[in-house]
Amino acid sequence: MPDKDMPGMSHHDISNMKDMPMSSDKDDSETSAHVMHSMEGHMDMGPHMKMTAPRPPKPGDDARAQRVVEAARNASERYKDYHAALADGFKIFHPEIPQKMYHFTNYKYAFEAAFTFNPDHPTSLLYEKHGDDYKLIGVMYTAPKRYNEADLDKRIPLSIAQWHEHVNLCMPPADRKQEALGPKFGLHGSIATQEECDANGGTFHPLVFNWMVHLYPLEKTEAEIWDVNRGHDQTHGHNQAD
């Protein structure tokens, strides 16, 4: 599903590829690790979460969304064994951090997603860890930061899916890294503006990563497949306890 009418990619867009879990810079890596750890509790992020608004259904939306689900389901069947994902170039993002849901990211597909949409190539596979094994539960697609809701709707209908971005992140000073999970700093913290972040000595990130959407194609109903709340109740306490 190429975005034929999308503008060409700028140098800024290419540089933003580091905003997916790709950066080798220590500070960026620590920031992204915190974000991925906090992302498990999506729905309580308040000013740190930006979600697309649901749209009224249009003719063809169901069929377009179903094609994405079928492609995601095929990928999920192929990568139920996480060793197959690793062999195909997916890498576990921050495996050293205990997480409810692990992202196995394919950076080639992340780069491709900045140009075009190929539902056969999810940016990340979503796994739960059980002992030494990983159980695949879903996939994640991404889109460039520059996209507006009309652009996103062309990829997956907004009458069915809700894309999200993580915004207004204030990371604590280097000597106070333990405060990254709140109450002031981080994606669950009270600081949500550049001014307040500066006043507290933090580093402000107005936007973290690109647009993303999770779906769970092995589930049975549309509500379960496109569930934006999945994992929230189970993970929030875990995040705050770490």
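**Group meeting: a predicted chain and its cores**

The chain has an accessible surface of about 11200 Å², with 53% of that belonging to carbon and sulfur atoms; areas come from the Shrake-Rupley method with a 1.4 Å probe, and for residues only the protein chains shown count as cover. This is a predicted model, in which local features need pLDDT of at least 70, side-chain atom pairs count only at pLDDT 80 or more, and totals for chains, interfaces and linings use all residues. Residues are numbered from 1 along each chain as its sequence is written, and side-chain values use heavy atoms, with hydrogens and water left out.

Of the 242 residues, 50% count as buried, meaning under 20% relative accessible area, with exposed over 50% and partly exposed in between (1.4 Å probe, protein chains only).

Now the cores. A nonpolar core is a set of buried Ala, Val, Leu, Ile, Met, Phe, Trp, Tyr and Cys residues joined through side-chain atoms within 4.5 Å. The largest one has 31 residues, and those with the most contacts inside it include Phe104, Leu125 and Trp226. Leu125, leaving aside neighbours within four places in sequence, is in contact with residues including Tyr79, Phe90 and Val139; contact means heavy atoms within 4.5 Å. A second, separate core of twelve residues includes Leu169 and Tyr216.

Last, Gln99. Why does Gln99 count as buried? Because its relative accessibility is 10%. The side chain of Gln99 reaches the backbone oxygen of His94 at 2.9 Å, and a polar atom of that side chain lies 3.4 Å from the backbone oxygen of Phe93.

Note on methods: Polar contact = N/O pair within 3.5 Å; in protein donor to acceptor, adjacent residues only side chain to side chain.
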